[in-house]
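This report describes domains, a chain interface and nonpolar cores, in that order.

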Amino acid sequence: MSTESKTKKGQSTLAKRKALFPWLVPLASLRLTLTLLSLSMVLIFIATLEQVEIGIRGAQAKYFESLFGIWHYPIQFWGGEYLNSIPIPIPGGWLLGGLLIMNLTAAYLIRFQWTMKKFGIQLIHLGIIMLLGGQLVTQAIQEESRMQINKGESSNYIERFHGVELALIDVTDPKQETVVSIPQELLEEGGSISSEDLPFRVSVKSFGSNCDFNLVGSKDKRVGVSKEVDQGVGFSANLSIKPKSEDYSSEAMNFGYLVFELTDATGSLGTWLTLSHPAGNHWWKESPKLAGLAFQPIRHKGKLWGLTLRSKREYLPYSIELLGIENEFYQGTETPFNFESDVLINMDGNEGRRALVYMNTPLRHEGKTFYQYQMNKAADYTVFQVIRNPSWLVPYISCIVVSIGLLWQFGFHLVRFLRKNSLQKA
Amino acid sequence: MKKHTPVRLGILIFLTLAGAWVCFFPYKKLGTASLFDFAKGPPSAPTESFDLDGFSRIPVLRGGRVKPIDSVARNTLLVLRNKRTALDQNDEKVPAIEWFARVLFAPEQADQLKTFLIDHDQVLGLMGKKLAKDGKHFSYAELEPHLGEIESSAREAGQTERENQDSFQQNAIELYRGLLLYRKLKNTLAPPPVPSESSEMLEEIGVTEVFFDPEKDSDRTAEYQRFRALTGVVVEDPSLIKMGSSEFSKIVFFLDHYSRANMWSEFFPIPPEVNDPLEKWLTVGQSLVGEEPLDSKEKRKMEPRLFISTLRELVSLSPDDLRKRIATIRETEKMNPTALFASQYAEAIKLRREVDPVIGLYEKLGISFRANNVAAFNATVSQLNELATERAGEASSTLHFEKSYNGFEPFYRSSLAYVLIFIIACCSWLSATYSNSVGKSDRTSKMLRDCAYILTGIVLLSHTFGLFGRMYIEGRPPVTNLYSSALFIGWGAVLLCFATEKYLRLGVASAMGSIIGAGSLLIAYNLSLDSSLNPTGDTMEMMRAVLDSNFWLATHVVIITIGYSTTFLAGFLGIAYVFYYLGATLLGKREGKLKKTLESMIFGITCFSLLFSLVGTVLGGIWADQSWGRFWGWDAKENGALLIVIWNALLLHARFSGIARTRGLATIAIFGNIVTAWSWFGTNMLGVGLHSYGFMDKAFNSLMFFILSQLAIIAFAYLPALVNFVIMLAKKLIEILSNPPPNETGT
C-alpha cells in the first residue's frame with residue numbers, strides 16, 4: 001500500500017485501532033496471508049489429484065473438511081516407488097479456512113484504512129469473508145437427499161444419500177402406520193436399544209456401512225456374523241456377508257448391513273440380518289430372493305411389524321406427485337438436451353401447485369430445493385436430488401459485494417493509469 | 001503517421017496490406033472462400049462442370065444440427081484424414097465436396113481415393129504395411145482386405161478401459177471407427193444390399209421382383225413404389241395380414257430391411273415432412289417405414305398372434321384414429337414390444353403412403369453423376385436445394401453463410417497474420433538495439449511498432465469475425481466447448497494487448513499478444529483433430545442439457561475464459577520481462593524504463609485477471625447451485641478455477657506487501673501460466689468430476705512440456721543472481737585460500 005495515498009483521517013483511526021488491538025498485529029500480517037494462500041493452493045491441488053483415487057467425497061472428507069490430511073506421493077508418478085512411503089501432512093480446509101477468516105478479520109480491524117478511496121478493498125474482503133464463512137456453514141449444515149417418484153404416483157418423504165436407519169414399522173392398522181426408527185449413530189454405538197414405542201429390545205450384533213453379500217445356498221457356507229442369523233430373509237435365503245470399508249467415490253454402491261437380535265420379556269425372538277440398498281430399498285424387489293429385505297415381517301403379540309434397514313428418511317408435510325417426464329435428445333445423437341419432470345405438490349387442505357423441474361431450473365419449496373437428478377423414461381420414474389441449505393443466498397450476496405468492490409478499486413487504478421499516460425504524452 | 005518518411009511509410013503500408021490480404025482476401029492456399037463470398041451470395045451454376053458448389057449447400061442434419069452438406073464433407077474428412085481434402089492415386093488433392101459426392105453417388109470411385117490417415121507403425125504392421133514404403137494415406141480399397149484384422153484388434157482394444165489403452169489400441173479403435181463412419185456414409189442414401197447368401201430365401205418369399213433392377217428401373221424409387229403398392233394391397237384388405245400370406249411376408253421382409261438401413265445412416269438427408277410438429281429430419285429408411293420403437297432384438301419377445309391381430313386392428317382404423325392410437329401406445333405401453341412394433345408396422349403400412357420426393361431427387365443426382373450428365377445433375381441440385389431449404393424452414397437460414405465460412409478459414413488466416421506481427425515486433429527491437437548501439441534515433445523501430453499495432457487491429461477484426469461467425473451459426477455465446485475456449489482465450493488476450501499497445505507503443509504487447517493468439521489458435525486446431533473430444537469432426541456441437549443455457553454460457557463461461565486469457569497475458573508479459581532482464585544482464589547494461597512499464601503492465605493485467613476469474617468462479621458456483629444443488633462441490637474444474645483466483649490474489653498481495661519486486665512479480669506471473677494451463681486442460685485429464693465431459697488425455701505430453709518450459713524460464717530469471725552468488729562465493733574462497741587467517745594455523 002503506497003504511503004502517498006493515505007489520507008490523514010484514515011491514518012488517524014488506523015493508529016488508534018492499532019493501539020486498541022496490539023495483539024492482533026501478527027495475525028493481520030500480509031505475510032501470513034501469502035503463506036495461507038500458498039498453502040491453500042497446495043491443499044486444493046493435492047486434494048484434486050487425490051480425487052482420482054478416493055473420489056470427490058473422499059477427498060472432501062480427508063482434506064477439505066479436516067484440520068489436516070496425510071498425503072502420500074502417488075506411486076504411479078515418476079519416482080513414486082521411493083517417495084510413496086513418506087507421509088506428508090497437508091493443512092486441511094478447516095484449518096486454512098479458519099485462519100484465513102481470522103487473518104482477514106484482523107486485517108479489517110487494524111490494517112485497512114477506512115476511507116472512501118479504499119472502500120473497494122474493504123468490500124472485496126468483506127465479500128470474501130462472507131463467501132468463506134458461508135462455505136464453512138454450508139459444509140456443516142447442508143443436507144443432501146433424494147426423492148424417487150414413479151409416474152402417476154406420489155411420494156411424501158426424502159432419503160439421505162448417506163446414512164441409514166433401522167425402521168421398525170407397525171402395520172397392524174392398514175390406515176395408520178407407526179414407525180420407530182433407530183438412526184445410524186445409535187447403531188454404530190452398538191449395545192442394546194429400547195424404546196417406549198417398541199415392545200422389544202434391539203441388540204446390535206454387528207453393523208457396518210458397506211459389505212459384500214451373496215447367496216450361499218446353505219447355512220454352513222455363511223461366514224462371519226451372518227452365521228448367527230436364524231430369522232428372516234438372511235436365514236431363508238442363506239445370505240452371507242463380508243464387511244467392507246465405505247467407498248467414497250461418486251459412483252460408490254455402499255450396502256449397509258445390520259445383524260441384530262430382538263428380545264422381549266419372554267426371551268430371544270431370533271437374530272435378523274438386514275441390508276440397505278444404496279439407491280433405495282425398493283430396488284430389492286428386482287431380485288425375488290432378496291425382495292423381503294425391503295420389509296421383513298414379524299408377528300408379535302397380535303401385531304404385525306416390519307423391519308428394514310433403509311436410507312435415512314425424512315417425511316415432508318406435503319407430497320409430490322409425478323404427472324409426466326420428458327427426456328429429449330438432439331436428433332441423431334446421444335446428447336440429451338432436456339430432462340424434465342412435470343409435478344404436482346399436494347399440501348394439506350390447499351389446492352396443489354404444479355411445477356416443471358428441469359436442468360438449471362430447480363423447484364424451491366419450503367426451504368428445500370428439488371433438482372432433476374436421474375430419470376428413466378422406459379420405467380417411467382424420476383429421481384430428484386433434494387437439498388436443504390439455509391445459507392444458499394450467501395454466495396449470491398457476496399458475489400455482488402465482491403464485484404462492486406473489485407470494480408470500484410480497479411476503476412480507480414485504471415483511471416489513474418490512463419490519466420498518467422495521457423499526461424506523459426502531452 | 002505523419003512523422004514517417006515516405007520510404008518508411010511505404011514499408012508500413014506494404015506490410016499492413018500484406019497482413020490484411022492474409023486475413024481477408026482470396027488466395028487458394030489460405031482458404032477456398034474470401035470475404036467477398038459472404039457479400040456475393042451463392043454463385044450461379046456452371047454449365048460445363050458439375051455444380052458442386054450448389055450441391056454443397058443442400059441442408060442435411062448431422063450431429064443434431066442442420067448444416068450444409070459442405071460441413072458434413074469437411075468434418076468427416078477431418079475425422080478420417082485430419083485434413084479437409086482427400087488424395088487421389090497420384091497424391092493430388094481432391095476437394096472435400098468432390099470426395100463426398102463420389103462417396104455418396106459413385107462409391108466404387110471413392111473407394112480408390114486416399115481417405116484414411118494411418119500413422120501408427122503397429123497399426124500399419126497389422127496390415128503388413130510400412131510407413132516408409134507405403135506412406136500413411138490409404139484408400140478404402142486398400143484397407144478392405146484387412147477389415148477382419150482391424151475389427152478384431154479394435155474389439156479386443158475395446159475390452160481395456162479407456163484410461164489404460166495404449167497408443168496401438170487407441171489407434172486401432174480410431175481406425176475402426178473411421179471405417180465404420182465411411183461405410184455409413186456410403187449407405188446413407190440407399191439401404192445396403194442384401195447379402196448374396198440369402199438370395200435363395202429371397203426367391204422363396206418372392207421379394208426379388210420388388211428389388212431395384214438396374215436393367216429395367218430408372219432408379220431406386222421404383223423399388224420403393226413397388227413396396228408402397230404392396231402395403232396398399234394390405235390397406236385395402238387388412239385380412240391379408242396373417243401368417244403365410246405372401247403379401248404380408250414380403251412386407252415384413254422390407255420393413256425389416258429398411259429399418260436395418262436406419263442404423264447405416266451417417267446423417268439425415270430428408271428434411272422434416274410438411275406437417276410434422278416435431279420437425280424431425282429423416283433417414284431414407286425412416287421415411288419409408290418409420291423408426292423402430294425398440295432395439296430390434298426386442299422383436300424376439302413379441303407374441304406373434306397378438307402382434308398380427310393388433311396390427312390388423314390398427315390398419316383398419318382411419319388414418320386420424322390410427323395416429324392417435326399410435327401416440328397412446330407409445331406413451332402407455334413402453335414395455336410391450338408387441339404393441340410397439342405393431343404401431344411401427346401400422347405406421348409404415350397405412351400412414352406412409354408416398355415416396356418422399358427428396359429421395360427421388362437424390363436418386364436422380366446419383367444417376368446423373370455416374371452418367372456424367374452435367375446438365376441433369378445441375379438442374380437436380382437446384383431443385384433439391386429449393387425443396388430442402390423450404391422444408392428445413394428456419395434452420396436453413398444460416399446455410400449459405402456457413403458454406404462460405406467453412407471455406408474462409410478465418411482462424412487459419414489469423415494465425416498466419418499473428419506470426420507476421422510477431423516477426424515485425426521482433427524486427428522493431430532489433431532495429432532499436434542497432435540504432436541504440438550506433439547512437440542514431442530509432443525511427444525505423446517506431447515505424448515497425450506502429451505497423452505491428454495496426455496489423456494487430458486488422459487481425460483482431462478477422463479473429464472477431466471468426467468468433468462472431470460461429471456465434472451466428474450456432475446461435476450461442478462464443479465459448480461452448482474446449483475448442484471454442486481456445487479461440488476465445490487468444491482473442492481476449494489480443495484485444496487487451498491491442499488496447500495496451502495504444503497507450504504504450506513498445507511492441508511488447510503486440511508481440512506477446514501475437515504469441516498467445518497464434519498459440520491458442522494452434523491449440524484450437526489440434527483440439528479440432530482430437531476425435532475423442534470431437535467424434536463428428538464438427539466443432540460446433542450441440543450442448544448437453546445442463547449446459548443448454550445461453551445465459552450462463554454468456555456470463556460464467558465467457559467471464560472465466562477472459563480470466564484465463566488475462567492470466568496468460570500477464571504470464572507472457574512476465575516472460576517478456578525475463579528475456580529483457582537476461583538480455584540487459586548479458587549485454588552488461590542497466591535495465592531501462594521498460595522494467596517499470598512491464599511491472600505496471602503485469603500488475604494492471606493481473607487486476608483484470610483477478611476481477612474476471614473471481615467473478616467467473618463465483619458465477620460458476622451460482623450456476624452449480626442452480627443445476628446441481630450446491631454452490632461449491634470441490635469438483636476438479638472448480639478447484640482449477642479457484643487456483644487461478646488464489647494465484648492472482650497472491651500476486652497482488654505480494655506486490656502490496658513489497659515482498660516481490662519486478663522480477664518476483666514476473667516469475668509469479670509466469671507460474672500463473674502453469675496454474676492456468678492446469679485449470680484449462682489438466683483438470684480435464686483427470687477424468688473425474690462433473691465437468692469431465694471435456695475429457696481428453698492426448699495433450700498430456702504437451703501440457704507437461706509447457707509446464708517444464710515455464711519452470712525453465714522461471715529458473716532463467718534467477719540464473720544471473722545464482723551466477724553472481726557463485727562468483728561471490730568463489731571469490732571469498734580464493735580470498736580465504738590465498739590469505740589464510742593467522743589464528744587458524746595453530747599448532
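**Domains of chain A**

In chain A, the domain assignment, whose bounds come from an automatic or database source, gives domain 1 (22-111) and domain 2 (156-315). The C-alpha centres of domain 1 of chain A and domain 2 of chain A lie 40 Å apart, and their contact (C-beta atoms, placed from the backbone, within 7 Å) takes six residues from domain 1 of chain A and four residues from domain 2 of chain A.

**Basis of the model**

This is a predicted model, in which local features need pLDDT of at least 70 and side-chain atom pairs count only at pLDDT 80 or more, while totals for chains, interfaces and linings use all residues. Residues are numbered from 1 along each chain as its sequence is written, and chains are lettered from A and ligands numbered from 1 in the order in which they are written.

**Interface between the chains**

In chain B, 52 residues are in contact with 51 residues of chain A. On the side of chain B that touches chain A, β1 (59-62), α27 (594-627), α28 (636-656) and α29 (662-686) each supply at least two residues; helices (H or I, at least four residues) and strands (E, at least two) are DSSP runs, numbered from the N terminus.

**Nonpolar core**

The largest nonpolar core has 132 residues, of which Ile421(B), Leu455(B), Met512(B), Leu569(B), Leu573(B) and Ile602(B) touch the most other members. Such a core is a set of buried Ala, Val, Leu, Ile, Met, Phe, Trp, Tyr and Cys residues joined through C-beta atoms within 7 Å, where buried means that 20 or more other C-beta atoms lie within 10 Å of a residue's own. Helix α26 (residues 550-587) of chain B contributes the largest share of this core, 17 residues.

Note on methods:
A residue is buried if 20 or more other C-beta atoms lie within 10 Å of its own, exposed if 12 or fewer, and partly exposed in between; C-beta atoms are placed from the backbone. Two residues are in contact if their C-beta atoms, placed from the backbone, lie within 7 Å.
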